[in-house]
Amino acid sequence: MGQFIDQPLLLQIAARVKSLREARGYSQEQVYFDTGIHVGRIETARLNVTVSTLGALCRYFEIDMVTFFKID
C-alpha cells in the first residue's frame, strides 16, 4: 500500500502557508533560508507535508496548529 494523499487537504494547506508567508512579506527564498523548508513545493501541493514540517512552519510563523487550521 502506498502513501495516502489527500489532495483537497494539501491544497488547503498550500493556500494557508502561502497566505501566512505573504502576510508577513516573506519570499519563498527567505523562508527556505530561515527554515530549510522548500515552501514552493508545499504551496503548489506537490509535497505531502509531514506534521513535523507543518509544526516547524507554525513555529516560524509564530502560531500554533489550532490557529493554522482555524477557518476565518
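**Notes on the helices of this predicted model**

1. Ala15 comes out as partly exposed, because its relative accessibility is 48%. Ala15 belongs to helix α1, which covers residues 7–23. As for spacing, Ala15 and Tyr32 sit 17 residues apart along the chain, and their C-alpha atoms are separated by 17 Å.

2. Now for Glu43, in helix α3 (residues 39–43). Is Glu43 buried or exposed? Glu43 is buried, because its relative accessible area is 12%, and the cut-off for buried is under 20%.

3. What does the side chain of Glu43 make a polar contact with? The partner is the side chain of Gln28, at 2.8 Å. Leaving aside residues up to four places away in sequence, Glu43 touches Gln28 along with Ala14, Val17, Lys18 and Arg21.

4. Helix α4 runs over residues 51–60, and its buried residues are Leu54, Gly55, Leu57, Cys58 and Tyr60.

5. Which helices do the buried residues of α4 pack against? They pack against α1, α2 (28–35), α3 and α5 (65–69).

6. One backbone detail to look at: Glu62, which follows α4, has a positive phi, near 60°.

Conventions. Residues numbered from 1 in each chain as written. Predicted model: local features only at pLDDT ≥ 70, side-chain atom pairs only at ≥ 80, totals over all residues. Heavy atoms only, no water. Helix = DSSP H or I, 4+ residues; strand = E, 2+ residues; numbered from the N terminus. Buried < 20%, exposed > 50% of the residue type's maximum accessible area, 1.4 Å probe, protein only. Polar contact = N/O pair within 3.5 Å; in protein donor to acceptor, adjacent residues only side chain to side chain. Contact = heavy atoms within 4.5 Å.
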